[in-house]
Amino acid sequence: QTQLPAEVGCGAPVGGAAELHAEVVQQEERPKGREQGNSGANRRMLAQRRRGRMASALAASALAAALAAPSPPLEAAGVPELLHYAYTATSLGQSTSPLLPAGSPYAEPAALERLLRRYQRAQARTHAKGRDGPAHEYFAASDSELVVAWRGAGFELYVALWPLIQLPAAAAACSQLLRWLRREEKALFLTYTKY
């Protein structure tokens with residue numbers, strides 16, 4: 001089982017928020033020495049510390065659940081021309097890519113490495129600081145796929161599509177994929193939650 005980070009102050013398994021609460025309460029209900037006293041300021045400080053530990057435990061359990069959850073399959077996006085994608089929510093600093101089916105052209109490590117190199121070239125073009133500035137869209141066709149890079153406010157999207165797809169159809173497929181990713185963002189990423 002995954003353990004909570006050391007700063008939480010206990011070795012309770014992730015997901016054991018009730019156990020953590022019991023442990024925190026036990027630790028704080030220990031008899032206090034004369035130096036700690038029973039003042040209202042100390043009680044407020046202890047209550048604040050308990051809330052902080054509970055928030056840390058909840059955040060750690062949410063992180064563990066997100067790491068254990070599988071990525072969505074490629075077909076879930078509903079874009080038939082799609083071979084692979086890599087999406088980064090820059091506002092959250094998190095990325096996702098699909099689970100690859102067994103028959104995927106990128107199931108082999110060498111093919112996936114070749115695709116990732118093509119994504120790197122596309123990323124370099126969309127972040128270039130040349131005379132013309134960075135490109136917000138980038139298309140590169142090859143015999144094996146059409147790579148599209150799309151950089152917008154709060155996201156970066158790298159997509160591999162069928163090699164013979166026309167550019168208008170590729171743009172429509174990327175728009176459809178982006179709409180699906182934005183709709184599913186709360187399920188795909190850890191988002192801010194007030195505890």
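Predicted model: local features only at pLDDT ≥ 70, side-chain atom pairs only at ≥ 80, totals over all residues.
R118 touches A140, A141, S142, E145 and V147, leaving aside residues up to four places away in sequence. R118 itself sits in helix α3, which covers residues 109-126. Its relative accessible area is 10%, under the 20% limit, so R118 counts as buried.

The protein chain contains five helices and five strands. Read from the N terminus, the order of these elements is α-α-β-β-α-β-β-β-α-α. The chain has 195 residues, and buried residues make up 30% of them. Of the contacts between residues at least 6 apart in sequence, 57% join residues that are at least 24 apart. The accessible surface of the chain comes to about 12,200 Å², and carbon and sulfur atoms account for 55% of that surface.

Strand β1 runs over residues 82-89 and is mostly covered, with six of its eight residues buried. One of its partners is strand β5, residues 155-161, which pairs with β1 in the antiparallel sense over six bridges. Within this pairing, Y85 has V159 of β5 as its bridge partner. Strand β2, residues 94-96, also pairs with β1 in the antiparallel sense, here over three bridges. β1 and β2 form a hairpin, with four residues between the two strands. G93 lies in the turn and has a positive phi of about 70 degrees.

Helix α4 comprises residues 167-183. At 1.5 Å a residue, its 17 residues should span 24 Å, and this agrees with the 24 Å between its end C-alpha atoms. The buried residues of α4 are A170, A173, C174, L177, L178, W180 and L181. These residues lie on the same side of α4, because they cover an arc of only 160 degrees around the axis. Spacing along a helix bears on such a pattern: an α-helix has 3.6 residues a turn, so residues three or four places apart point the same way. On the other side of α4, P168, R179 and R183 are exposed. What do the buried residues of α4 pack against? They pack against β1, β2, β3 (137-141), β4 (146-152), β5 and α5 (185-188).

The aromatic rings remain. A search of the whole structure finds four aromatic pairs. One of them joins W150 and F155, with 5.6 Å from centre to centre and 85 degrees between the planes. The pair is edge-to-face because its planes are over 60 degrees apart. The two residues can also be described by their cover. W150 has a relative accessible area of 23%, so it is partly exposed. F155 has a relative accessible area of 6% and is therefore buried. Ring pairs link Y87, W150, F155 and F189 into a cluster.

How values were computed:
Residues numbered from 1 in each chain as written. Heavy atoms only, no water. Buried < 20%, exposed > 50% of the residue type's maximum accessible area, 1.4 Å probe, protein only. Contact = heavy atoms within 4.5 Å. Areas by Shrake-Rupley, 256 points an atom, 1.4 Å probe, with all protein chains shown as cover. Pairing = 2+ DSSP bridges. Expected span 1.5 Å × (residues − 1). Arc of directions from axis to C-beta. Phe/Tyr/Trp six-rings, centres within 6.5 Å; stacked < 30°, edge-to-face > 60°.
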